[in-house]
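The structure is shown first, followed by the findings.

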Amino acid sequence: MLLVTGAVLTAGTVPAAQAQETTKQETTTLEEISVTSVSPIQTRAAAPASAPDALPPTARAAEVLPVVTNTFSPVTVIPQDRIARDQPRTLGDALFDRPGISSSTYAPGAASRPIIRGLDNARVRIQENGIVNGGVSDLGEDHAVPVNPLNASRIEVIRGPATLRYGSGAIGGVVSAENNQVPTFIPARGVTGQVTTGYTTVDNGRTGAASVDAGANGIAVHADGFKTATDSYAIPGGIQRNSATESQGGSFGISAIGDRGFVGVAFSHYDALYQIPGGEAEEARTRLTPNQDRLLARGEYRPLNGPFEVLRFWAGGSVYRHEEIGIGENGIEGTQAIFKNREVEARFEAQHVPVFTALGTLTGAVGVQTGRRVLNSQLESFLPKTESRSLAGYWFEELAVGHGLRFQAAARIEGDRLNSTATLFPGDYLPDGNDLIHYPLTRRFAPKSASIGALQDLPYGFVASVNGSYVERAPTGYELFSQGPHDATATFEIGDPTLRLERARTVEISLRRAEGPLRLDATGYYTRYTGFIYKRDTGNRCDDDFASCGTGDELRQIVYSQANATFYGAEIGAQFDLFAVGDGWAGLEAQYDFVRAQFDDGSYVPRIPPHRLGGGAFVRANGWFARVNLLHAFDHTEIAPFETTTPGWNDLRAEVAYTQALDPAVYGATEVTLGLQGRNLLDDDIRNSASFKKDEILLPGRNVRLFLTARF
């Protein structure tokens with residue numbers, strides 16, 4: 001059997017020299033998480049006959065700040081135990097409070113897409129097990145991401161030069177949900193799994209999820225499923241109407257696993273029904289019905305000899321559809337719009353054997369990626385049928401020169417072709433009495449990107465990195481060809497078929513530490529954009545056709561435009577073990593993040609997250625974990641034209657959980673975790689400055705979650 005391994009995230013482990021002293025206070029070894037999405041260059045690992053048994057309950061309950069120290073780019077990891085306790089219903093929910101990350105919260109608990117360093121939609125790639133998720137969440141903030149995080153083994157967020165592995169569309173970052181849908185191991189006892197359930201008071205929320213892995217004689221299988229349901233959630237002083245949600249889905253996969261590698265395939269299904277709160281969407285009782293079927297294949301082979309030490313592939317395709325249902329202009333309830341997306345993607349990587357040079361050891365990998373996407377909308381004339389094709393090659397190379405110093409260089413070249421129907425609008429985007437001109441158009445782009453970085457081990461377990469990158473991004477189909485009303489977002493969107501490549505030059509510096517009593521993950525960055533593509537609010541208002549623009553009052557007119565812009569910011573997370581308690585520790589934690597984004601004329605980029613500062617205290621010992629934490633968002637006053645300021649808020653959170661080891665022969669489970677978690681305990685008014693809906697809705701009020709997780 002062979003396990004795919006990559007950069008190792010060390011959660012609070014200590015060097016051997018300190019082991020004797022440390023084990024007097026903390027006797028468990030905390031879990032190590034393999035991070036596989038960051039680089040195609042992965043270290044050779046031993047090939048165990050099966051997956052390791054579960055870790056002791058103290059290790060699982062530890063909640064040590066996850067810090068990745070041996071990657072050139074910063075990586076945020078949400079481990080499985082954190083997911084089981086938070087029970088997020090969307091990827092945006094799972095990441096909303098992480099330093100440097102926010103979410104769109106258009107329909108909280110349903111349509112909430114991650115925002116990374118102030119960048120969203122086309123600049124943030126969302127994938128599951130290495131293949132793009134295949135939905136239309138990048139097309140509109142009201143569209144859900146068809147990935148449920150409940151059965152994920154971890155969520156990885158990659159920023160910086162590492163995104164060159166996946167495409168120019170990942171210029172802001174990559175959010176990768178990782179699980180074992182295509183099995184990569186055979187459990188030590190033949191079968192292993194997890195069941196989790198929970199209840200939330202703020203929305204009468206019910207959650208259930210289960211996964212199981214089994215195998216023998218070189219064949220492994222995986223199955224998982226989930227189901228969630230909520231009523232409209234409570235806000236301070238009332239109920240946020242039309243905010244109920246429900247979702248369900250699951251997957252099944254099978255793999256053949258041998259000494260030199262594995263190959264497998266998986267099928268998954270996702271469907272949901274959720275409402276859109278606030279404004280006209282609430283009045284029209286708008287609701288969406290996303291549905292997706294997805295097929296994924298992946299494999300790995302390690303030759304005994306030759307120029308390559310490992311070959312890998314990923315291939316997948318999905319069929320997605322959702323209807324937007326509500327009360328139309330005629331006062332009759334029905335389907336107002338239909339969105340469809342068919343998407344396929346494949347990637348192949350070859351990692352060469354190490355090359356020993358006079359400067360040091362050289363390791364590297366090359367890859368080829370291709371994809372095709374067909375988008376179509378019906379009834380609502382928001383986007384004509386659009387086809388996108390891409391073909392790319394990329395290369396990563398690392399040089400270890402000794403004394404803890406490593407260098408990395410990466411490059412990518414891509415060919416993109418987009419076909420659709422373009423529309424010629426008047427220069428002021430107001431009707432001039434003439435009919436609009438529609439014409440078929442094919443645009444071709446060849447974005448090129450490159451990066452270079454250095455990683456240096458420092459005394460006392462610190463690691464420093466510096467990276468520089470130049471990335472080009474091709475405009476998407478909806479940025480080029482949008483041409484009509486999008487009622488669910490209350491916008492009349494107009495694309496620009498003449499958009500050019502977007503170019504970004506970035507420098508980032510990181511300081512990280514994962515061992516000992518202090519864990520630190522700090523990054524500062526500066527990005528200069530040439531031709532930054534954004535949604536510009538013209539100040540005009542429209543109804544459901546272009547002839548009404550300037551005289552209508554229902555929809556904001558949004559035009560995709562380009563301007564030079566500068567982004568800079570920082571994201572910091574820290575945790576310190578203050579004193580020993582039982583077999584564990586009591587300590588303090590803190591976080592801070594901000595992003596500042598301005599155009600060259602001094603105006604601000606729209607919908608940027610606020611400065612945030614947080615901190616608290618924790619205890620982890622004898623299977624117990626307890627935490628009290630306050631996250632404060634400052635007033636957001638750096639606003640774009642036609643935006644409004646957003647008041648600051650405080651989110652007071654508390655949690656207590658206990659993990660108990662069990663005898664599987666008696667209970668059928670190896671351990672169980674029971675806990676209680678509180679969010680927004682001050683019942684504060686929380687508005688998200690990065691959301692189109694911030695003036696229309698509040699985020700959920702005071703909430704208490706009861707959760708239970710059993711592993712077997």
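## A buried pair in a predicted model

Glu-156 and Arg-154 are both buried. The model is a predicted one. These two residues form a salt bridge, in which the closest N and O atoms are 2.5 Å apart.

## Salt bridges at Glu-349

Arg-165 and Glu-349 are joined by a salt bridge with an N to O distance of 2.7 Å. Arg-165 lies in the loop between S8 and strand S9 (173–178), whereas Glu-349 belongs to strand S20 (residues 333–352), so the pair ties together parts that are 184 residues apart in sequence. Both partners are buried.

Glu-349 also meets the side chain of Arg-347 in a salt bridge (3.4 Å, N to O). Arg-347 counts as buried because its relative accessibility is 2%, under the 20% limit. For Glu-349, the relative accessible area is 0%.

## Salt bridges across the structure

Across the whole structure, 44 salt bridges are found. One network of salt bridges links Arg-82, Asp-86, Asp-97, Arg-98, Arg-653 and Arg-679.

## A buried asparagine

Asn-151 is located in the loop between strand S7 (131–132) and strand S8 (154–158). With a relative accessible area of 11%, Asn-151 is buried. A polar atom of its side chain lies 3.1 Å from the backbone oxygen of Gly-225.

Glu-283 is exposed, because its relative accessible area of 63% is over the 50% limit.

Terms used
Residues are numbered from 1 along each chain as its sequence is written. This is a predicted model: local features need pLDDT of at least 70, side-chain atom pairs count only at pLDDT 80 or more; totals for chains, interfaces and linings use all residues. Side-chain values use heavy atoms; hydrogens and water are left out. Buried means under 20% relative accessible area, exposed over 50%, partly exposed in between (1.4 Å probe, protein chains only). Helices (H or I, at least four residues) and strands (E, at least two) are DSSP runs, numbered from the N terminus. A polar contact is a pair of N or O atoms within 3.5 Å; within protein, one must be able to donate a hydrogen and the other to accept it, and residues adjacent in sequence count only if both atoms are side-chain atoms. A salt bridge is a side-chain nitrogen of Lys or Arg within 4 Å of a carboxyl oxygen of Asp or Glu.
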